[in-house]
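Subject: Structure handover

Hello,

Here is the structure you asked about. Please open it first, then read the notes below it.

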Amino acid sequence: MKYLTSASNYEKHPTTVIQGHDNQAVQGYEDICKWIKTKMTKERNIVCVDCYIGVDQEELLEGLCKYLTFDKIIRSDTIFYDNDKIYELLKRNITDDRVYGIAYYGKWMDLVDPQRLANAREEADTATGNVLILGTAADYITKSDILVLADMTIWEIQMRYRHEHLPNFHTDNADEDMIRKFKRGYFIDWRIGNVHKQSLYDKFDFYLDTVKHNDPRMIDREAFEDGLTQLLQQPFRTVPFFDEGLWGGQWMKEVCDVEDKDRINYAWSYNLLFQENEVNITFKDISVNIPGYTLMQRFPKQLIGEKGFARFGAEYPIRYDFLDTMEGGNLSLQVHPNQQYMVQNFAMPFTQDESYYYLDCASDEETYIYLGLTDEANREEMERDLRLASEGKIDFPAEKYANKLPAKKHDHFSIPAGTVHCSGANTMVLEISSSPCIFTFKLWDWGRIGLDGLPRPVHIDHGMKNIQWDKHTGWIKEKCAFDPVLIEEDNVHKEERTGLCELQFLECRRIWMTGKTTHCTDGETNALNLISGKEALIESPEGQFAPFIIHFAESVCIPATIRSYTITPYGESEGKEVAIMKTFVRF
């Protein structure tokens, strides 16, 4: 082992066991259809299966029709405008840019042909016998006797874009490059799908998890509601995912014990991002995947908190992810948009403020971060050199324009929007940031070609408009690279404020402890990561939840329903020092 002194105990497939409802969860098409059939008690039954983006509708249709008999089948795909008309309606939001679109907050009805919808409604209303209505926005067609919400996680959609030639909604772009498909999903398809899904929560009869091909799982609405309610009464983890990248490293392979060791590297992992991660809940022996967005939408105040909901709506504001360059390369030199630019250009409610916490660094060589402008940085010269570099005429002289600061294990750097930055090779970063995650304007990527064989996109025009040109080395060292501030200390713990900068809304506290520490949330969410030590125990002083074990490098959500909790070194770490990073929103 290179990065650990003992075997990894990182849990890659976290789940939360739900009490009760053992007979309200089934798995496989045969048992799903048996359950649906018990509800088909009339001579004429309308079964509606309303599908989120990415659901394999052909598999679903085949699986249902194998065990249920329908006299009429109506596909909701027929109610939408033709692809060309949909493109014209969404053209402004799709944009010509390969990476960035403009967020669309409309409904599926915006893309529905009124005459085609009328025809489908007449077909449903005049049909005799049992009727199946299936597809995206199927609920539009008529009132059903049995409504099934067929859901899909965002990460699985991305895997189907990449590996199964899944196109975007009502397009023929199955073979388009992954970046463009992701863009259309992120800015348009998933957003419309989330708005529609929210309209179904109070009326669906069954919730169908379709993440695994030919292995669907179904629960009824009572189990769905109570399952998520139980989840939100205790600490829990979202299911992490891991992916390779051009600059990726080897740390996560070992420390997170990622299964596919044959991959060339693992570059990043989202492990607490409700907008893209999922949660997993288990009923007896049946586990059900539920997108984080579904949880956020259904119970936002219980998850985020009253003040958090008032400020951010149903958008969990904190993101924890990993950036692994151990035995890898530099990240790109990049910058993120300021708040006004984010709203005006991308229609996003808040911007991508970040910070880098160094979980690990190579011990046998210099490790560093590029952070902020040097005192010598000149706008005209920097833009000239960036454009020459993007044309392959020069190597961009990064150290001329960006401060190259030493970075060592447990250092924490704030990166407010508009700050040029780049983490160097042979580092392992816990990124603690606001939840927007794709608004990275690459300025210079060290002349690399992407894993897809295409040039890595750079956004110099966007970047130049967002760099904070009035903030140079002195400001960066004072506001973004400051030493930890001691909050309190006693014989069992030391609490320090490590960030973030005063321009950012997240507060980060690092707590070193050898014994039990008590934490209060004020009814707002906390995010945790065990940044040092093998494991620790999270407990409720009031007995609200069962003791919860957090292992090294795991990220845990403390939902807003938990007002207080304790953390104690546990197991192999009992009697030893551990450290927790705690993040919450400043109000």
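Leucine 500 sits in the loop between β23 (493-499) and β24 (506-513). A cis peptide bond joins glycine 499 and leucine 500, with omega at about 0°. Helices and strands here are DSSP runs (helices H or I, at least four residues; strands E, at least two), numbered from the N terminus.

Before the rest, some ground rules. This is a predicted model, where local features need pLDDT of at least 70, side-chain atom pairs count only at pLDDT 80 or more, and totals for chains, interfaces and linings use all residues. Residues are numbered from 1 along each chain as its sequence is written, and side-chain values use heavy atoms, with hydrogens and water left out.

Two other loop residues

Aspartate 257 lies in the loop between α8 (251-255) and β10. Its phi is near 50°, a positive value in a residue other than glycine. Aspartate 257 is partly exposed, at 32% relative accessible area. (Buried means under 20% relative accessible area, exposed over 50%, partly exposed in between, with a 1.4 Å probe and protein chains only.)

Aspartate 522 is in the loop between β25 (517-520) and β26 (526-532). Phi is near 55° for aspartate 522, again a positive value in a residue other than glycine. Its relative accessibility is 49%, so aspartate 522 counts as partly exposed.

Seven strands form an open sheet with mixed pairing. The order is β2-β8-β7-β6-β3-β5-β4. β2 and β4 (72-75) stand at the edges with a single partner strand each, so one side of each has no neighbour in the sheet. From one strand to the next, the twist averages 20°. Two strands count as paired if DSSP finds at least two bridges between them. β6 and β7 run parallel and are joined by four bridges. Alanine 150 stands opposite leucine 208 in β7.

α1 lies across β2, β3, β6, β7 and β8, at about 30° to β8. (Axes are lines fitted to C-alpha atoms, for helices over the stretch in contact; angles run from 0 to 180 degrees between N-to-C directions.)

Which residues of helix α1 (residues 29-39) are buried? They are Tyr29, Ile32, Cys33, Trp35 and Ile36. These residues cover an arc of only 160° around the axis, which puts them on the same side of α1. The arc is that of the directions from the helix axis to the C-beta atoms. The face turned away from the buried side of α1 carries the exposed residues Lys34, Lys37 and Thr38. The buried residues of α1 pack against β2 (25-27), β3 (46-51), α2 (57-67), β6 (146-151), β7 (206-209) and β8 (217-220). Contact means heavy atoms within 4.5 Å.

Helix α7

Helix α7 (residues 221-231) has these buried residues: Ala223, Phe224, Glu225, Gly227, Leu228, Gln230 and Leu231. Their cover includes β1 (16-18), β7, β8, β11 (278-283), β12 (286-291) and α9 (292-298).

Strand β13

Seven of the seven residues of β13 are buried, so β13 is largely enclosed by the rest of the structure. Both faces are covered. Ile318, Tyr320, Phe322 and Asp324 are on one side of β13; Arg319, Asp321 and Leu323 are on the other.

β13 pairs with β10 in the antiparallel sense over four bridges. Tryptophan 268 stands opposite leucine 323 in β13. Strand β20 (residues 427-434) also runs antiparallel to β13, with seven bridges joining them. Leucine 430 in β20 is the bridge partner of phenylalanine 322.

Tyrosine 370

This residue belongs to strand β16 (residues 368-373). Tyrosine 370 is buried, with a relative accessible area of 4%. Leaving out residues up to four places away in sequence, tyrosine 370 touches several residues, among them Asn330, Leu333, His421, Cys422 and Trp446. Tyrosine 370 and tyrosine 401 are 31 residues apart in sequence and 9.4 Å apart in space, C-alpha to C-alpha.

Best wishes
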